[in-house]
Amino acid sequence: MSILDVSDLQVVFLNDEQQPSIAVDQINFSLKKGEILGIVGESGSGKSVTSLAIMGLLPTTGKVTGGQILFQDTQAEESIDLVSLPSENKREYRGGKIAMIFQEPMSSLNPVYNIGFQITEAILLHQKVSPRQAKQQAISLLQEVQLLSDNQTLETEFLQQNHHQPIEKKELQEYVRKKKNAMLKRYPHELSGGQLQRVMIAIAISCQPTILIADEPTTALDVTVQATILELLKDLCERRQMSMIFITHDLAVVANLADRLLVMYQGKIVESAMTKELLFNPQQAYTKGLLACRPRLEETRSYLPTVTDFLNNQEITDETEIPPKTNILGKKEIRLNQSLLVVKDLRVGFPKPKQLPWHQQEYFWAINDVSFQLFGGETLGLVGESGCGKST
Ligand SMILES: Nc1ncnc2c1ncn2[C@@H]1O[C@H](COP(=O)(O)OP(=O)(O)O)[C@@H](O)[C@H]1O
Ligand SMILES: [Mg+2]
């Protein structure tokens with residue numbers, strides 16, 4: 001059963017001179033109950049505009065100029081056209097039955113309120129519950145997105161810390177309560193990018209949406225954190241019988257996540273198929289290009305092809321003549337005798353706050369004995385997961 005049917009959707013933007021440009025050009029797709037649909041395409045292809053049109057969140061310069069977005073409410077008998085729905089009725093759907101998460105969780109959260117306040121606020125906006133019940137819900141949501149350990153883990157933690165003492169039930173409860181409150185009281189700046197995205201996911205699922213739209217939710221995260229967020233989203237869809245539209249420019253991200261894929265290019269859907277089929281047997285030149293352009297670790301090519309090469313139907317081999325401009329992996333002169341920068345045994349420490357003024361100053365060592373050289377003409381890659389010291 002499909003719960004969302006987008007037909008002939010067209011979105012047009014007007015520029016300052018009132019000239020129209022088509023951002024989404026008569027696209028058709030549907031989303032089934034419980035399905036994870038991936039929308040893939042390069043930046044500017046119309047992915048975000050499509051999702052904003054579904055949410056009714058287009059900026060004032062953008063208009064849906066054609067088509068329908070039919071939402072089949074599981075409780076209602078007839079489907080509702082979100083395009084023609086009056087704006088006062090939209091709130092029930094936006095952030096209610098259809099929720100959305102974005103690339104930058106930090107920009108969606110308010111820096112001056114703690115996360116407990118922001119989650120309970122979202123719950124109170126959509127549900128008729130007391131503030132106390134909303135707080136309890138916020139706690140279980142934080143546990144569901146694994147930002148907070150579940151009750152049993154918290155209790156075990158306490159028992160292990162105090163294994164040599166007799167334990168009073170009251171003390172145990174107090175410990176669990178404190179741990180939960182401490183998480184609710186944290187401010188956005190006290191959480192990492194991955195943790196903030198978990199907060200956004202908690203807010204998004206707080207009103208039991210039927211559809212979750214995730215627009216590049218892991219693009220700002222490093223690969224290890226990205227993997228844990230993708231796993232969480234997949235789990236939530238299964239557990240809650242929720243459908244998801246997952247938008248990304250990165251095919252590798254959706255390969256193990258989506259049931260079905262749509263490929264967008266210049267506002268149109270150029271290909272759609274079940275994920276495996278699309279990845280192993282792409283039909284359209286653009287999709288073939290997208291797949292072939294991904295650099296592989298196991299082969300070093302002197303020429304890095306782009307999608308345009310495939311759209312021009314050009315056969316790319318390692319012998320293909322290299323246009324000088326795009327020769328980014330070609331051989332060039334590196335002057336190994338000339339080091340421009342020598343970093344030797346570098347250590348950088350950040351002072352830790354002292355418990356008491358007369359305590360000795362302790363440091364958090366962000367960089368420990370790092371040495372490297374940079375030679376003339378060389379491009380040196382500095383790679384590592386978030387928090388390992390690259391920026392420092
Ligand atoms: N606020 C806007 N005003 C004018 N044009 C826009 C606006 N937002 C997006 N567009 C245009 O719509 C097209 C699709 O953009 P978008 O959906 O953001 O791409 P994607 O999410 O796939 O990177 C682009 O050509 C972009 O320039
Ligand atoms: Mg986008």
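# Ligand shell and sheets in a predicted model

Helix H1 (residues 47-55) gives the largest share of the shell around ligand 1, with 3 residues. The model is a predicted one.

Trainee: Which residues surround ligand 1?
Mentor: Start with the stretch that runs Glu 42, Ser 43, Gly 44, Ser 45, Gly 46, Lys 47, Ser 48 and Val 49.

Trainee: What percentage of the accessible area of ligand 1 does the protein cover?
Mentor: Take ligand 1 on its own: its accessible area is 550 Å². Of that area, the protein covers 60%.

Trainee: Which strands stand at the edges of the sheet of 6 strands?
Mentor: The sheet is open, its pairing is mixed, and its order is E6-E7-E8-E3-E9-E10. An edge strand has a single partner, so one of its sides has no neighbour in the sheet. The edges are strand E6 (98-101) and strand E10 (268-274).

Trainee: What is the average twist from one strand to the next in that sheet?
Mentor: Follow the order E6-E7-E8-E3-E9-E10. From one strand to the next, the twist averages 15°.

Trainee: Which residue in E8 is the bridge partner of Ile 213?
Mentor: Strand E7 (residues 211-215) pairs with strand E8 (residues 243-248) over 5 bridges. The sense is parallel. In E8, the partner of Ile 213 is Ile 245.

Trainee: At about what angle to E6 does helix H7 run?
Mentor: Two helices can be set against E6. H1 lies across E3, E6, E7, E8 and E9, at about 145° to E6. Helix H7 (residues 193-205) lies across E6 and E7. Its angle to E6 is about 170°.

Trainee: Which residue in the turn between E1 and E2 has a positive phi?
Mentor: Strand E1 (residues 2-14) and strand E2 (residues 20-32) pair antiparallel over 9 bridges. Within that pair, Asp 5 stands opposite Ser 30. The hairpin has 5 residues between E1 and E2. The positive phi, about 65°, belongs to Gln 18.

Trainee: Why is one side of E2 and of strand E5 left without a neighbour?
Mentor: The open, antiparallel sheet of 4 strands has the order E2-E1-E4-E5. E2 and strand E5 (80-81) are left open on one side because each stands at an edge, with a single partner strand.

Trainee: Which residue in E5 is the bridge partner of Leu 70?
Mentor: Strand E4 (residues 62-71) and E5 run antiparallel, joined by 2 bridges. In E5, Leu 70 is partnered by Asp 81.

Methods
Residues are numbered from 1 along each chain as its sequence is written. Chains are lettered from A and ligands numbered from 1 in the order in which they are written. This is a predicted model: local features need pLDDT of at least 70, side-chain atom pairs count only at pLDDT 80 or more; totals for chains, interfaces and linings use all residues. Side-chain values use heavy atoms; hydrogens and water are left out. A residue is near a molecule or strand if one of its heavy atoms lies within 4 Å of it. Accessible areas come from the Shrake-Rupley method with a 1.4 Å probe; for residues, only the protein chains shown count as cover. Two strands pair if DSSP finds at least two bridges between them. Axes are lines fitted to C-alpha atoms, for helices over the stretch in contact, and angles run from 0 to 180 degrees between N-to-C directions. Contact means heavy atoms within 4.5 Å.
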